[in-house]
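Trainee: I have just opened a new structure and would like to learn how to read it. Could you walk me through it?

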Amino acid sequence: MRKIKIITLIILSVLVFLGACSNDKSSSSNKGNSNSDTTEIKITWRGTGENDNIRRYLEEFESEFEAENSDIDIVLSPIIASEGDYFSKVALSLQSKDTAPDIVSEDTFMLSSDANAGYLKNLDKYVSSWDEWDQFIENIKNGVLGEDGSVYAIPTTTDSRGLWFNKKVFEDARLPLDWQPKSWEDILEAAKKIKESNPDVIPLAMNVAKVNGEATSMQTFEMLLYGTGETLFNNETGKWNVNGQGLLDSLTFIDEVMNKEKLGPSLSIALTSNYGSVITQDLLPNGGVGIVLDGSWNIGNYLEGGAVPLEDPEAVLGFASMPTQNGQEPGTVTMSGGWGWAIPANSKNHDKAWKVIQAMSTMDSQAKRAIIEGVLTVREDSAQSPDYVQRPFIESATKALENSYFRPKSDLYPNVSIEIQNAVEAVASGSMTPKEALKNYKQAVIEIVGKENTY
């Protein structure tokens with residue numbers, strides 16, 4: 001009997017201890033909030049590590065939102081990965097109620113396929129009664145529609161792409177500081193002058209690696225292709241371009257830069273996953289590269305709180321629109337993308353997630369994110385914010401949108417995009433000629449979409 005009493009006391013002690021641990025865990029997850037009805041809303045986006053402008057924005061938003069909404073506990077849950085890996089990891093997490101976040105950042109080019117797969121909640125009922133939906137730019141709203149015409153995300157940012165250049169490098173090469181090339185040949189000529197003036201400077205850089213995913217497809221190949229007057233996909237017929245001269249011309253330009261004229265970075269830089277940070281956060285602001293084909297979001301790197309803040313960014317750098325191939329109409333071209341906040345179908349808190357998205361999508365919040373991240377706002381009223389309008393490069397980055405194209409809204413685009421990356425890297429690395437890479441690309445795309453769906 002004595003042994004039984006001792007065992008009973010031990011069991012009771014363990015139960016009390018476990019109960020205390022459970023209470024500690026609960027209070028910790030609620031950040032000290034004693035309200036037992038507090039709901040955790042987990043927000044997931046593609047994190048970029050130490051210099052993460054989206055995290056900067058979200059941490060400020062989290063503090064302000066929770067101060068006014070004691071029933072919601074925001075949990076920031078970034079996925080730190082390359083662009084391609086992020087999409088794979090997000091898709092995996094969305095498949096289960098145990099792993100799905102409550103709000104997920106969706107690239108608009110992946111949104112349609114994720115919606116078709118049933119991963120995202122249809123938001124039509126929410127936006128139909130939301131009076132601020134009319135403030136979003138119509139063209140941008142099209143980017144968050146699924147193939148069924150329904151809304152599956154709320155736009156958060158958009159962007160343009162163009163040619164960044166270092167003004168000190170340009171001075172040394174006797175190039176104009178208000179540089180605006182009229183053709184691809186103008187770009188090559190400027191790069192050659194930079195090479196002649198300083199052999200230690202990389203004349204011209206652009207994404208060419210498979211590991212950098214959509215940055216290679218969209219920021220390099222499609223920026224070139226759409227400048228030839230061709231497109232990747234015919235929206236009216238639903239067919240894919242596999243035979244156009246523009247495809248070959250685009251790969252030939254890449255070959256000329258990387259191999260024939262040796263104007264690009266070494267492969268040890270060009271083919272790595274940290275290419276973007278090395279080029280835009282180190283070499284460009286410090287005069288290690290002359291011209292960089294990249295996005296307007298890099299503005300955020302050079303502002304206060306950014307990765308490499310510059311006292312006067314416009315005194316150090318310039319941003320020119322990308323010209324068409326031969327200067328033909330409309331003269332310039334850009335590809336535009338964007339991200340949106342979506343609610344996973346497997347989230348357990350749809351209504352409260354929507355409440356958080358609404359708060360992140362106000363005029364002030366949208367302007368604040370655009371300023372912190374260095375991107376273009378998606379709301380017409382946010383674009384009138386004095387702080388937004390006064391931002392460096394905002395005029396030139398917005399002007400680039402005048403002749404903007406968007407990626408194909410097709411479930412098959414992500415698969416085709418991988419083949420673009422394969423072709424670009426093969427040419428850039430010198431393992432294939434442009435014609436060989438195009439032949440492989442054509443065969444691969446036909447296998448993906450069917451020969452009847454090509455032209």
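**Charged pairs and a sheet**

Mentor: Helices (H or I, at least four residues) and strands (E, at least two) are DSSP runs, numbered from the N terminus. Keep in mind that this is a predicted model, where local features need pLDDT of at least 70, side-chain atom pairs count only at pLDDT 80 or more, and totals for chains, interfaces and linings use all residues. Residues are numbered from 1 along each chain as its sequence is written, and side-chain values use heavy atoms, with hydrogens and water left out.

Trainee: What do the side chains of Glu138 and Lys141 form?

Mentor: Side chains of opposite charge can pair when their charged atoms come close. Here, Glu138 and Lys141 meet in a salt bridge, at 2.9 Å from N to O. The term means a side-chain nitrogen of Lys or Arg within 4 Å of a carboxyl oxygen of Asp or Glu.

Trainee: Is Lys141 buried or exposed?

Mentor: Lys141 is buried, as its relative accessible area is 7%. Buried means under 20% relative accessible area, exposed over 50%, and partly exposed in between (1.4 Å probe, protein chains only).

Trainee: Which residue forms a salt bridge with Lys192?

Mentor: The partner is Glu189, and the closest N and O atoms are 3.6 Å apart. Both residues sit in helix H8 (residues 184-197), three residues apart, so about one helical turn separates them. Lys192 is partly exposed at 21% relative accessibility, and Glu189 is partly exposed too, at 35%.

Trainee: Where in the chain are Asp71 and Lys352?

Mentor: Their side chains meet in a salt bridge of 3.6 Å, N to O. This pair links distant parts of the chain: Asp71 is in the loop between helix H2 (53-68) and strand E3 (72-76), while Lys352 is in helix H14 (residues 350-360), 281 residues apart. Asp71 has a relative accessible area of 21%, so it counts as partly exposed; Lys352, at 25%, is partly exposed as well.

Trainee: How many salt bridges does the whole structure have?

Mentor: A search of the whole structure gives 16. There is also a network of salt bridges, which links Glu60, Glu64 and Lys368.

Trainee: Now for the strands. What is the order of the strands in the open sheet?

Mentor: Two strands pair if DSSP finds at least two bridges between them. In this model, five strands make an open sheet in the order E3-E1-E5-E14-E6, with mixed pairing. E3 and E6 are the edge strands, each pairing on one side only. From one strand to the next, the twist averages 25°.

Trainee: How many bridges pair E1 with E3?

Mentor: Strand E1 (residues 39-44) pairs with E3 in the parallel sense over five bridges, and Ile41 has Ile74 in E3 as its bridge partner. E1 and E5 also run parallel, joined by two bridges; the partner of Thr44 in E5 is Val104.

Trainee: Which strands does H15 lie across?

Mentor: H15 lies across E6 and E14, running at about 35° to E6. Axes are lines fitted to C-alpha atoms, for helices over the stretch in contact (heavy atoms within 4.5 Å), and angles run from 0 to 180 degrees between N-to-C directions. The buried residues of helix H15 (residues 363-373) include Ala367, Ala370 and Ile372. Just after H15, Gly374 has a positive phi of about 80°.
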